[in-house]
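Good morning, colleagues. I would like to take a few minutes to discuss charged side-chain pairs and backbone angles.

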Amino acid sequence: MEKLKSFLSNRWLVFVAAMWVQSCAGIGYLFGSISPVIKSSLNYNQRQIARLGVAKDLGDSVGFLAGTLCEVLPLWAALLIGALKNFVGYGWVWLIVTGRAPPLPLWAMCILIFVGTNGETYFNTAALVSCVQNFPKSRGPVVGILKGFAGLGGAILTQIYAIMHSPDHASLIFMVAVGPAMVIIALMFIVRPVGGHKQVRPTDDMSFTFIYSVCLLLAAYLMGVMLVEDLVDLSHSVIIIFTVVLFVLLLVPIVIPISLSFFYPEPRIPEEEALLSATLKQEAGKSEADANEVIFSEVEDEKPKEVDLLPALERQKRIAQLQTKLFQAAAEGAVRVKRRRGPRRGEDFTLTQALIKADFWLIFFSLLLGSGSGLTVIDNLGQMSQSLGYDNTHIFVSMISIWNFLGRVGGGYFSEIIVRDYAYPRPVAMAVAQLIMAVGHLFIAFGWPGAMHIATILIGLGYGAHWAIVPAAASELFGLKKFGALYNFLTLANPAGSLVFSGLIASSIYDREAEKQAHQPHLMHQIPGSIFQGIPGQDAPKCHGAICFFLTSVIMSVFCVIAFLLSMILVHRTKIVYTNLYGKSRSSGLS
């Protein structure tokens with residue numbers, strides 16, 4: 001019985017359950033697969049589909065209510081609310097698309113899509129809040145893995161849809177409505193804070209390595225299965241076998257909490273005991289620390305700028321000397337020490353305090369331009385692949401979901417190496433991701449042979465990396481105390497970028513090119529996939545050829561380069577912050 005209690009309160013069990021929850025939090029990435037069904041059933045044009053896409057992005061990003069409810073209600077209640085919203089929103093859309101319910105005006109459809117997708121914010125918030133509290137010293141890997149499984153959700157649901165063997169594509173909407181709700185209700189009492197900071201073990205690094213290995217194996221397996229299903233006409237029984245193996249891989253991580261609870265129970269390590277006692281002493285002496293912070297604030301104002309350029313050990317000596325002089329001068333009355341008006345970067349900020357900081361807005365606009373352009377590709381993937389002559393759009397939705405997953409896991413892993421081993425600002429990893437995305441957009445623009453396959457890889461990797469890097473960087477620069485509010489505000493960059501790129505630019509250019517083709521039946525068929533290809537549109541809203549998204553993709557590539565420049569400005573401004581956060585531990589490790 002004691003071991004069972006230990007298992008149920010094990011932080012690794014919570015982490016594994018949160019991974020499963022997050023695999024249901026990526027249903028928004030399936031919009032590229034369900035939008036053609038909605039478009040044909042309700043006779044929408046591309047601009048109307050783009051409006052639904054923006055509503056979906058808003059639902060996926062507006063998480064203030066979810067964050068507030070997670071502070072007031074137990075996490076299981078918040079998860080239940082999210083499951084109900086997901087079921088009602090997409091369930092009603094399925095009823096309308098299949099003719100079981102009367103059609104609604106576009107604004108009402110936007111509300112339904114918003115409500116259905118908004119359930120994801122409850123899944124995201126509950127999973128991140130519980131696991132960041134349970135793993136306070138491993139934020140990068142934890143956030144990367146959890147956000148990665150959210151990105152992988154589209155590929156998992158697509159594979160499950162494949163075994164349904166239904167000619168009715170609207171059944172995918174039904175699965176999106178019912179599947180996540182069932183999983184969340186089954187796991188909602190497991191995902192919760194369990195005092196994970198008291199469960200640190202020497203084997204934690206090995207456990208994370210095992211999780212990373214499973215993630216890579218899962219992504220490689222899904223990629224292989226999707227390619228085989230696309231190239232070979234498989235029997236239904238083989239597809240079922242592939243899906244069963246997928247479920248086995250998803251269940252494998254549960255061996256970690258089982259082994260830790262039942263086979264290798266270990267006491268808390270001494271270093272953690274010392275850390276906890278030190279934390280308690282620090283809380284007890286908070287007033288003394290506050291008094292010292294006044295002097296530390298003066299140090300920031302008084303120290304010469306060249307001190308920041310010195311090696312870590314020399315810089316610490318110079319700062320310590322300056323602190324001593326200021327203490328003596330303040331005690332003798334020679335210096336009047338001024339009280340700080342707000343926190344410094346690296347300390348706990350409220351949302352209001354963060355909103356007046358340039359670094360916060362650099363993160364926001366860099367995220368808006370980078371992830372906004374990636375989300376536009378995800379939302380329009382069905383139309384993009386169809387315009388380039390591909391019939392099976394599901395393969396690209398699955399591919400971008402898998403590479404989105406690898407981008408999130410890899411972004412968390414490599415950005416953690418950058419800050420831990422080199423004490424360099426984490427946003428430099430985001431800058432690299434934005435350059436990768438800029439190249440991916442160019443592949444779509446020119447429509448070269450195989451361009452869609454390469455573009456989905458590059459854009460999926462770059463887009464996914466944003467969502468592992470940004471939450472960790474925000475927590476480092478602005479603290480964990482109000483992390484929920486800060487994170488939910490930053491996620492607004494996603495629908496804002498989608499509104500600009502998809503709602504205003506992509507849809508307008510697509511419809512304009514479709515009208516041109518509809519009125520020019522003499523267009524010549526030229527190089528397949530080239531920007532000069534045109535096919536006479538017998539249906540007015542349809543556009544064919546790379547020309548449909550050429551200008552849109554070039555514009556998004558340029559904006560990704562601008563996002564890269566913003567990220568590098570942020571890197572330059574935050575070097576000293578990351579040196580103070582990670583330079584000390586690195587210098588002690590080297591010595």
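By salt bridge I shall mean a side-chain nitrogen of Lys or Arg within 4 Å of a carboxyl oxygen of Asp or Glu. Please bear in mind that the model is predicted.

A search of the whole structure gives eight salt bridges. One of them joins the side chains of D204 and R11, with an N to O distance of 2.5 Å. This pair connects distant parts of the chain, since D204 belongs to helix 10 and R11 to helix 2, 193 residues apart. Are these two partners buried or exposed? D204 is buried at 8% relative accessibility, and R11 is likewise buried at 3%.

Next, consider E513. Its salt bridge with R512 has the closest N and O atoms 3.7 Å apart, while a salt bridge between K516 and E513 spans 3.8 Å, N to O. K516 and E513 are three residues apart in helix 23, so about one helical turn separates them. E513 is buried at 9%, whereas R512 is partly exposed at 42% and K516 is partly exposed at 40%.

Furthermore, a network of salt bridges links E416, R420, R426 and E476.

I turn finally to the backbone. Most residues other than glycine have a negative phi. N43, not a glycine, has a positive phi of about 55 degrees; N43 sits in the loop between helix 3 and helix 4 and is exposed at 66%. A423, also not a glycine, has a positive phi of about 50 degrees. A423 occupies the loop between helix 19 and helix 20, and is buried at 10%.

Terms used:
Residues numbered from 1 in each chain as written. Predicted model: local features only at pLDDT ≥ 70, side-chain atom pairs only at ≥ 80, totals over all residues. Heavy atoms only, no water. Helix = DSSP H or I, 4+ residues; strand = E, 2+ residues; numbered from the N terminus. Buried < 20%, exposed > 50% of the residue type's maximum accessible area, 1.4 Å probe, protein only.
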